[in-house]
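Hello,

Here is the structure we spoke about. Please load it before you read on.

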Amino acid sequence: DESNRVAQLVDLAKELRVTSRDGTPLTSNDILRLFLVLRYNGLESGLYRHVAMLNHSCHPNCSKINPQEGKACSEVRTTKKVNPGESLTISYVPRIMSHVSRRKYLWEQHRFDIGAKLM
């Protein structure tokens, strides 16, 4: 049962002395929030605090470069001219995927719909 698994993770966090930023023990809500962060903000190569702030576009103006071996940082580079005030975007999925496959994946992984029509 899922509530038992979450309770076990709370107990494990206490045992390992994993706490919130303010030093308080993790609660079941904290554990569930961590899972949601990983589910909806994680990319195929990891979870990146700043990259997670970039929105998805089927026609992105940036590209995320996976970290090189031995490096902890990922890079994001623009791929076309970006005007002041324009959002920086990346594709959350490989651009080679069909529109139908991208739509299904983005709904299942990130819970948003890019629409039925290809723009």
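This is a predicted model: local features need pLDDT of at least 70, side-chain atom pairs count only at pLDDT 80 or more; totals for chains, interfaces and linings use all residues.

Residues are numbered from 1 along each chain as its sequence is written, and side-chain values use heavy atoms, with hydrogens and water left out.

**Helix α3**
Helices are DSSP runs of H or I, at least four residues, numbered from the N terminus. Helix α3 covers residues 99-110, 12 residues in all. Buried means under 20% relative accessible area, exposed over 50%, partly exposed in between (1.4 Å probe, protein chains only).

**Salt bridges**
The whole structure has 3 salt bridges. The rule is a side-chain nitrogen of Lys or Arg within 4 Å of a carboxyl oxygen of Asp or Glu.
- Lys104 pairs with Glu108, with closest N and O atoms 3.0 Å apart. They sit 4 residues apart in α3, about one helical turn. Lys104 is exposed at 52%; Glu108 is partly exposed at 36%.
- Asp113 meets Arg103 at 2.6 Å, N to O. Asp113 lies in the segment after α3 and Arg103 in the helix, 10 residues apart.
- Arg77 pairs with Glu75 at 2.7 Å between the closest N and O atoms. Arg77 is partly exposed at 47%, as is Glu75 at 37%.

A nonpolar core is a set of buried Ala, Val, Leu, Ile, Met, Phe, Trp, Tyr and Cys residues joined through side-chain atoms within 4.5 Å. The largest has 7 residues: Val51, Leu54, Cys62, Ile90, Tyr92, Val93 and Leu106. Apart from it lies another of 5 residues, including Val6, Ala13, Leu26 and Ile31.

Cys62 is buried at 5%, and Cys58 is buried at 14%. The disulfide count is 0 (cysteine sulfur atoms within 2.5 Å).

**Backbone**
Most residues other than glycine have a negative phi. Arg17 has a positive phi of about 60°. Arg17 is in the loop between α1 (2-15) and α2 (28-41). Arg111, which follows α3, also has a positive phi, near 60°.

Best regards

Conventions: Helices (H or I, at least four residues) and strands (E, at least two) are DSSP runs, numbered from the N terminus. The expected span of a helix is 1.5 Å times one less than its number of residues.
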